[in-house]
Amino acid sequence: MAKKPFLFLIGGIFALMVAMGIGRFAYTPLLVHMQNDLGFSDAVAGYLATTNYAGYLIGAIIASMIPMNGQKTSYLRKSLILSVFTTTLMGATHFYWLMFVLRFLSGVASAFVFIVSSSIVLDRLAKIKKTYWSGLFYSGVGLGIFFTSLIIPKFNQIFEWEGSWAGLGIISGILTLYISFSVIELKTYKENQQNQQFSLQIPSDKSLSWLIIAYGLEGLGYIVTGTFIVVIAEKNVLLTFDPIFIWMVVGLAAIPSSLKKVSIFSRILRFSHDFINT
């Protein structure tokens, strides 16, 4: 299956759907129902979100430092399994401290999946000279968000928010089976790399500082809104439609956005790739 480029690409898209669109961002549309049922404050909701993002940061740092040559497929599968379990178990507890642990581990898993799957997919796309497919690969995040906006209202109506987490976990597990057989590390990439010349321009310390500041401000701008956007919409008395529709629009907007950002992502992930193979 891994030899068929389109099936391989679908596996990569599914990986981002599982770890990012579902594992990381399903919290946003489910937060309204969790707060209504458990009665925890916006502060607790913020701490839960922060725990997840802290896990993502730590996971990204660790993933970029671990030498993974020949083991990327294994790391990807283990990270996906962790993402599936943390998603499923979120619906099995009402204890905040356990939720904090699960959201942290989910963040770590999503970072590993994002970095490792990107490395595997970009390597293979480069080999078959279809790097222009990269934008389609990153659309998996938006597709995952859009998918949760469609499925969560149905799940919540029948199974409440606990069942929604469990249902998303089961779906993620099914997608993980496909990913495990389709997204396979390119074993010969290192040999091919020796015959290629990559031109990598390292930014100056000053430029890197501005880049970090810019990404920090971008994160601050979108992460707060991204976490609470459904809650904000739900509390707006002027809205006459289901607030989940807002989340659906977010997913639809995120899907094509990756097509324009692909060149930027490619440069960033080239750095990640170099870290992984150091």
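A residue counts as buried here when its relative accessible area is under 20%. Keep that in mind as you look through these views of a predicted model.

**View 1. Helix 2 and its buried residues.** Helix 2 covers residues 27–38, which makes 12 residues in total. Its end C-alpha atoms are only 14 Å apart, whereas a straight helix would reach 16 Å at 1.5 Å a residue. Look for the buried residues of this helix: Tyr 27, Thr 28, Pro 29, Leu 30, Leu 31, Val 32, Met 34 and Gln 35. Just after helix 2 comes Gly 39, with a positive phi of about 75°.

**View 2. Helix 2 packing with helix 3.** Helix 3 is formed by residues 42–65, and its axis lies 11 Å from that of helix 2, at an angle of about 150°. The crossing is right-handed. From helix 2, Tyr 27, Leu 31 and Gln 35 make the contact, while helix 3 brings Asp 42, Ala 45, Leu 48 and Ala 49. By class, these residues are 5 nonpolar, 1 polar and 1 charged.

**View 3. Helix 1 crossing helix 6.** Here the axes of helix 1 (residues 5–22) and helix 6 (residues 134–182) come within 2 Å and cross at roughly 140°. The two helices are therefore oblique to each other. Their contact has 23 nonpolar and 10 polar residues, but no charged ones.

View 4. Find Ser 110 in helix 5, which spans residues 96–127. Is Ser 110 buried or exposed? Its relative accessible area is 0%, so Ser 110 is buried. Setting aside neighbours within four places in sequence, Ser 110 is in contact with Ala 19, Met 20, Arg 24 and Tyr 56.

Terms used
Residues numbered from 1 in each chain as written. Predicted model: local features only at pLDDT ≥ 70, side-chain atom pairs only at ≥ 80, totals over all residues. Heavy atoms only, no water. Helix = DSSP H or I, 4+ residues; strand = E, 2+ residues; numbered from the N terminus. Expected span 1.5 Å × (residues − 1). Buried < 20%, exposed > 50% of the residue type's maximum accessible area, 1.4 Å probe, protein only. Axes fitted to C-alpha atoms, helices over the stretch in contact; angles between N-to-C directions. Parallel < 35°, antiparallel > 145°, perpendicular 65-115°, else oblique. Nonpolar A, V, L, I, M, F, W, Y, C, P; charged D, E, K, R; others polar. Contact = heavy atoms within 4.5 Å. Left-handed = near helix turned anticlockwise from the far one by under 90°.
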